[in-house]
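Please look at the sequence and the model below before turning to the notes.

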Amino acid sequence: MILEKINKEDCISLLKEFKCPPWVIDHSQKVADKALIISKNFPVNLKLVYAGALLHDIGRSKSNGTDHAVIGARILEELEFPSNIVRIVERHIGAGISRVEAEKMGLPPKNYFPITIEEKIVSHSDNLLDGSTEVNIDFVVEKWEKKLGKNHPSLERLKILHDELIITPNSF
């Protein structure tokens, strides 16, 4: 499949075809909108960001666990989607997962860190939405601290990713 031929309607149809619940589709559309806003500050492939954001949770059609990212990547690979979209889906969890963390979670052993700017934008756009409600970084940090503990390494990765992507008036 060629990226230039992928559009919003095809992505939404695919989510529906795989029986993603309506809340996943709504959330994915909000993530895509947030990703486009963040993208304005970077030289990125907007079509890639938008398609990756719309499809980032396709794996939730089969699991609501952390493994939904790996499942979603497999689905898109089988459908012969471009590898850059597959990687966005596979690497969108939190601010990335290390090989050691992945093994503890039962995921295939490898690093799942977002690397490209498009991967980082989709990942962090997802972080900044709680369902379909946009939230700030303080909300996300507090949520993760409650779930993972105050010293979990992902918290520092989250803050670094946020600082890299979110340009505030105080940044200048």
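**Cysteines and disulfides**

At 7% relative accessibility, Cys20 counts as buried. The structure discussed here is a predicted model.

- How many disulfides does a search of the whole structure find? The search returns 0 disulfides.
- The cysteine sulfur closest to that of Cys11 belongs to Cys20, and because the two lie 12 Å apart, they are too far from each other for a bond.
- A disulfide requires sulfur atoms within 2.5 Å.

**Nonpolar cores**

- In soluble globular proteins, nonpolar side chains tend to be buried together.
- The largest nonpolar core of this model comprises 45 residues. The residues with the most contacts inside this core are Leu55, Ile58, Leu76, Phe81 and Ile85.
- At least two residues of this core come from each of several helices, including H1 (8-17), H2 (22-39), H3 (46-55) and H4 (68-78). Helices H5 (83-90), H7 (117-127), H8 (137-148) and H9 (153-165) also supply at least two residues each.
- Which helix provides the largest share of this core? That helix is H3, with 7 residues.
- Leaving aside residues up to four places away in sequence, Leu55 touches Cys11, Leu14, Leu15, Leu76, Phe81, Ile85 and Val89.
- Another core, of 7 residues, lies apart from the largest one. Among its members are Ala69, Val70, Ala102 and Leu107.

**Helix H4**

- Helix H4 is largely enclosed by the rest of the structure, because 8 of its 11 residues are buried.
- The buried residues of H4 are His68, Ala69, Val70, Ile71, Gly72, Ala73, Ile75 and Leu76.
- Which helices are included in what covers the buried residues of H4? The cover includes H1, H3 and H5.
- Just after H4 comes Glu80, which takes a positive phi of about 60 degrees.

**Salt bridges**

- Side chains of opposite charge can pair when their charged atoms come close.
- The count of salt bridges in this model comes to 12.
- One of them joins the side chains of Lys30 and Asp26, with an N to O distance of 3.4 Å. Both residues belong to helix H2, where they are 4 residues apart, or about one turn of the helix.
- An α-helix has 3.6 residues a turn, so residues three or four places apart point the same way.
- Lys30 is partly exposed at 33% relative accessible area, and Asp26 is partly exposed at 30%.
- Are Arg60 and Asp57 buried or exposed? Both are buried. These two residues form a salt bridge, and their closest N and O atoms are 3.3 Å apart.
- A salt bridge also links the side chains of Glu142 and Lys146, at 3.3 Å from N to O. In helix H8 these residues are separated by about one helical turn, because they are 4 residues apart.
- Glu142 is partly exposed, with 45% relative accessible area, whereas Lys146 is exposed, with 68%.

Key
Residues numbered from 1 in each chain as written. Predicted model: local features only at pLDDT ≥ 70, side-chain atom pairs only at ≥ 80, totals over all residues. Heavy atoms only, no water. Core = buried A, V, L, I, M, F, W, Y, C linked by side-chain atoms within 4.5 Å. Buried < 20%, exposed > 50% of the residue type's maximum accessible area, 1.4 Å probe, protein only. Contact = heavy atoms within 4.5 Å. Salt bridge = Lys/Arg side-chain N within 4 Å of Asp/Glu carboxyl O.
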